[in-house]
Amino acid sequence: MAGKTKRIALCGLLAALATVVLFLGGLLPFATFTAPALAGIFLLPLALEFGIGSGLMAWFIVGLLGLLIVPDKELGLIFIFLLGYYPMLKSKLDSIHKKALQWLVKMLLFNTAVFAMYSLILFVFPIGEIVTEFAGASRFFTIALIVAGNLAFVLYDLALAKIILLYYVRLRPILFGKGR
């Protein structure tokens, strides 16, 4: 019973921290992309310790709460469409043995998620300020934004590898003891 209690407590704590990070990110104009990235990292231990199902359940709840309480809806959607679940999928994607195929799948996932999210924001449920930003943007600016987003995603993926290693080496022994 103690193991299940610890699991529930850790899930609740990390989901709450992820929600707080999203909320605080919604108050800071420059945190539209960094807050969802950090919130997704908070959920990573759930998937590593208790399986991807636990992590995805927390992602769903945090994403729903994010849409309800975070003032910046773009930030909440970025968490839902990519940065909330991607840290949990990274290990699965990294298990693809051919590096070229691995990166092709990762980049396809990233670009599909971003395209779907911004299509939703621009055409289905328009968010005024974002529609205005894109309407005033030149084609060159839009292409540069896509390239910069892809580069940022690659850096995020590489950083996640280091964060996962750091988790296993430093944080896991503190949370679960040396024997696990």
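I sorted the residues that line the largest pocket and counted 23 nonpolar, 6 polar and 2 charged. I note that the model is a predicted one.

I then looked up the volume of this pocket, and the largest pocket holds about 930 Å³ of space. Its lining consists of 31 residues, and those closest to the centre are Phe33, Val114, Tyr118, Leu145 and Gly149. I asked which helices each supply at least two residues of the lining. I found helix H2 (34-50), helix H4 (73-83), helix H6 (99-124), helix H7 (128-136) and helix H8 (139-176).

Next I turned to helix packing. Two packed helices are described by the angle between their axes and by the distance between those axes.

For H6 and H8, I recorded an angle of about 125° and axes 11 Å apart. H6 is therefore oblique to H8. I noted that the crossing of H6 and H8 is right-handed. On the H6 side, the contact is made by Trp103, Lys106, Met107, Phe110 and Asn111. On the H8 side, I listed Ile146, Gly149, Asn150, Phe153, Val154, Asp157 and Leu158. The residues of this contact comprise 7 nonpolar, 3 polar and 2 charged.

For helix H3 (residues 52-69) and H4, I found that the axes come within 8 Å and cross at roughly 170°. Angles over 145 degrees count as roughly antiparallel, so H3 is roughly antiparallel to H4. I saw that H3 contributes Trp59, Val62, Gly63, Leu67 and Leu68, which meet Lys73, Gly76, Leu77, Phe79 and Ile80 of H4. I classed the residues of the contact between H3 and H4 as 7 nonpolar, 2 polar and 1 charged.

Notes: Residues numbered from 1 in each chain as written. Predicted model: local features only at pLDDT ≥ 70, side-chain atom pairs only at ≥ 80, totals over all residues. Heavy atoms only, no water. 1 Å grid on protein atoms, 1.4 Å probe; cavity = no way out; pocket = protein on both sides within 12 Å on 5 of 7 lines; lining within 4 Å. Points joined across faces, edges and corners; volume = space filled by probe spheres on them. Helix = DSSP H or I, 4+ residues; strand = E, 2+ residues; numbered from the N terminus. Nonpolar A, V, L, I, M, F, W, Y, C, P; charged D, E, K, R; others polar. Axes fitted to C-alpha atoms, helices over the stretch in contact; angles between N-to-C directions. Parallel < 35°, antiparallel > 145°, perpendicular 65-115°, else oblique. Left-handed = near helix turned anticlockwise from the far one by under 90°. Contact = heavy atoms within 4.5 Å.
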